[in-house]
Protein chains: 2
Amino acid sequence: MNKEITIYDIAKDLGVSPTTVSRALNDHPAVNTKTKQRIFEAADQMGYRSNVFASNLRRKSTNNIGIIVPRLNSSFQSSVLAGMEKVANEAGFNLIISQSLESYEKEKANARSMFNSRVDGLLVSLAGNTEKTEHFQAFMDKGIPVLFFDRVASQTGCTGVIIDNRQAGYNATKHLIQQGCKHIVHVLGNLNINVYAERLKGYKYALMDHDIAFSQDNVIHSDLNEEAGEDIAKKIMAMKPMPDGLFVSNDACAASCIRSLKQAGIAIPGDIAVVGFNNDVISRLIEPNLTTTHYPGYEMGEVAMKNLINHLSDSTEGVLQNTNTITLRSELIIRDSSLKKKSEA
Amino acid sequence: MNKEITIYDIAKDLGVSPTTVSRALNDHPAVNTKTKQRIFEAADQMGYRSNVFASNLRRKSTNNIGIIVPRLNSSFQSSVLAGMEKVANEAGFNLIISQSLESYEKEKANARSMFNSRVDGLLVSLAGNTEKTEHFQAFMDKGIPVLFFDRVASQTGCTGVIIDNRQAGYNATKHLIQQGCKHIVHVLGNLNINVYAERLKGYKYALMDHDIAFSQDNVIHSDLNEEAGEDIAKKIMAMKPMPDGLFVSNDACAASCIRSLKQAGIAIPGDIAVVGFNNDVISRLIEPNLTTTHYPGYEMGEVAMKNLINHLSDSTEGVLQNTNTITLRSELIIRDSSLKKKSEA
C-alpha cells in the first residue's frame with residue numbers, strides 16, 4: 001500500500017503553506033476560490049483522503065448508521081432499504097447493513113458488531129425468534145438511538161415505524177365478508193412477529209363485528225414462501241365445506257395458492273375469493289389480479305431514516321423519546337381476485 | 001453521552017489488574033477460564049466497547065467493505081447483496097452499501113465517500129450511464145481492491161464476476177428458433193450496460209447461425225419495468241406480420257407483456273412464444289409459466305465477496321490481478337410460455 005498523502009505533500013507540491021491547504025480543504029473563507037480550486041485538484045490527483053476517519057475518532061462519531069433486517073432478499077425489505085439509503089446518502093451518512101437470517105443469535109452478534117464499530121444510530125426489523133431486546137440495551141445506555149421498523153419491539157422505550165397491521169387485517173377480512181364470504185381462512189406467519197399477530201387480531205375482530213364465529217381451524221400457519229402455496233391449497237380443498245374466502249399475509253404466497261387452486265379446477269373468486277398482503281409486483285401480474293394491502297416499504301424506509309437523522313442532529317435529543325410509534329398509511333387495493341359482487345366494487 | 005468504559009474501570013470493579021482484563025478480552029491463555037468469564041460478563045454489563053475503532057486506525061484497516069449497486073430495490077440485486085452479506089458476516093467484515101440510482105455522478109460521489117471512509121475493498125455494479133471508471137482509480141492507486149459484478153467495466157484491470165450473457169442470449173434465441181419461430185423480437189435495456197449489449201450479440205449470432213436475417217426493427221429498447229409491458233405489447237401487435245417469438249431481457253417486463261398480449265386475445269405460446277430473463281418468482285407464477293434464464297444472483301454475491309476477502313487476506317496480493325473474469329453458470333429453464341412444440345421439449 002502506498003504512503004498516505006498528507007496536506008504537507010500537497011502544500012509542497014503547490015508551493016503554498018500547509019495551513020492554506022488545510023483551510024482550503026475545509027472551505028475556509030480566507031482562501032480565495034482560485035487557490036481552493038488548485039488545491040482541490042491537486043488533492044484529487046495525488047489521491048488525498050480527507051481525514052474523516054481520524055476526525056471521526058475525535059468527534060466520537062462515525063457517520064455510519066447500522067441496519068439489521070431479517071433478510072436482504074425480500075421484496076419488502078429491499079424497498080425499505082432503498083428508501084433509507086436515499087435519505088441517509090443525502091444527509092451524508094453511510095449505511096452498514098446486515099441480516100439476521102431470522103435468527104436471534106445472529107441478530108445479537110450483528111448488534112454487538114455494530115456497537116463495536118461505533119455506529120451513530122441503529123435501525124432494526126426484528127428476527128422471527130427474537131423475544132428479548134436486551135442486546136440493544138448497550139446502545140441505549142450510551143445514548144445511541146435505536147429505532148425499530150415493521151417488526152418492532154413493544155417492550156422497549158424505542159420508537160417504532162409501522163403500519164396499522166390490525167386495521168389492515170380488519171379491512172381485508174371485512175372486504176371478504178362484504179363480498180358474501182362466510183367461511184374465511186387466514187394464512188399467516190410466525191405469531192411471535194408483531195405484524196402477523198396484529199393482522200390475526202384484525203381478522204378476528206372483523207369476524208366478531210359481523211357475527212361470524214372464529215375457529216382456530218380456519219387459521220393456517222405457514223412460512224409464507226412461494227412453495228407454501230401448494231400445501232395451503234391442499235389444506236383448503238380438504239376442508240368440508242370448502243372455505244369461500246382466503247386472506248393470506250403475503251402476495252407471493254397468495255399468488256402461489258391461486259395457481260394451485262386454479263390447477264385443481266377451483267374458480268377464483270367464484271368458488272373462493274382471495275386477498276393477499278404487500279402490493280408486490282406479483283399481485284398485479286397474477287390472474288386474476290390480486291386484492292391486497294399496499295404496504296409502503298420505500299416510504300417506511302424514508303420515514304425511519306429521517307427520524308433517526310433528525311434525532312442525531314437535534315441537540316435537545318428529545319425527538320425519539322417523545323414519539324413511541326409512527327404509523328404510516330396503508331390501503332386495501334381491491335382487484336378481481338376477491339370481487340364476487342362486481343357491481344358493488 | 002456517557003463516559004467510555006475502559007479496561008481500567010473493569011479492573012477496578014473486579015479487583016484485578018488492567019493487564020489481566022486486557023489479556024482476558026484478547027483471549028490470552030495466561031488468564032484462566034473462570035476469570036475470563038467474570039471479565040466478559042463485567043465488560044458486557046458495564047457496556048465496554050472493544051476498541052475496534054482505534055485499533056482499526058492503527059492497522060489502517062476498517063473491516064468495512066463498500067458496495068455500490070444501481071438500485072437496492074431490485075429482485076436481482078437484493079439476492080446478490082444477501083449472498084455478499086452472508087460471506088462477509090462470517091468473515092467478520094461489515095458492509096457499507098449505497099445505490100447510484102443509475103447515475104454516474106452519484107456513483108462517483110458514493111465512491112468518493114467510501115474512499116474517505118477507508119473501506120478495505122469495493123464491490124461495484126455500474127450505473128447505466130457510467131462510461132468512465134476513473135472514479136475508482138484512487139482505490140487502485142492505494143492498492144484497495146475493486147471488484148465488479150454483473151455490470152462490469154471492461155477497460156479496467158479489475159476482476160469482474162459475470163454470467164456469459166452472450167451465450168445466454170444465444171441459447172434463448174436458439175430455443176425460440178427450434179420451436180419454429182421465424183420472426184423474433186428482442187426487448188432490452190440500455191446498451192451502454194454490458195449485460196444488454198452482450199445478450200443482443202447472442203441474439204444476433206443465433207439468428208445468423210440459423211440463416212435468419214437480423215433487422216434493427218425487431219429490437220425494442222425499454223426501461224424493462226413492469227409498466228413497460230403494455231407499451232411493448234402495443235408495438236408488437238402493430239408489426240406486420242406480427243412476430244411469432246419474443247425474447248425480453250427481464251422477467252417482470254416479460255410477464256407484463258404476456259398479460260397485455262393475452263388481454264388483446266393473443267395466445268401464448270400459440271401466436272407468440274415468450275422468453276424472459278432472471279428466473280424471478282414472477283416467472284413461476286405468471287400463466288403460462290415463463291421460459292427464462294436462471295441468473296444466480298445469490299451465488300454471484302457469494303463468489304464476488306469470497307474473492308475480495310481472499311484477496312484481502314492473501315499477503316501475496318496476486319489473486320485478483322491474475323483473474324480478470326469469473327464466469328458463473330447460467331441456464332435456460334424451459335417452461336410453457338415458449339413451448340410451441342410440446343413433444344420436442
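Reader: How many residue pairs are in polar contact between chain B and chain A?
Author: The count is 20 residue pairs, both at pLDDT 80 or more. A polar contact is a pair of N or O atoms within 3.5 Å; within protein, one must be able to donate a hydrogen and the other to accept it, and residues adjacent in sequence count only if both atoms are side-chain atoms.
Reader: Which element gives the most to the side of chain B that touches chain A?
Author: H5(B), with seven residues. Helices (H or I, at least four residues) and strands (E, at least two) are DSSP runs, numbered from the N terminus.
Reader: Where do the numbers come from?
Author: This is a predicted model: local features need pLDDT of at least 70, side-chain atom pairs count only at pLDDT 80 or more, and totals for chains, interfaces and linings use all residues. Residues are numbered from 1 along each chain as written, chains are lettered from A and ligands numbered from 1 in written order, and side-chain values use heavy atoms, without hydrogens and water.
Reader: OK, salt bridges. How many across the interface?
Author: Four, by the rule (a side-chain nitrogen of Lys or Arg within 4 Å of a carboxyl oxygen of Asp or Glu). One of the pairs is A:Lys262 with B:Glu287, with the closest N and O atoms 2.3 Å apart.
Reader: In which sense do S2 of chain A and S2(B) pair?
Author: Antiparallel, over three bridges. Pairing needs at least two bridges found by DSSP. A:Ile96 stands opposite B:Ile96 there.
Reader: And how many residues does each chain give to the contact?
Author: Chain B gives 58 and chain A gives 59, where contact means heavy atoms within 4.5 Å.
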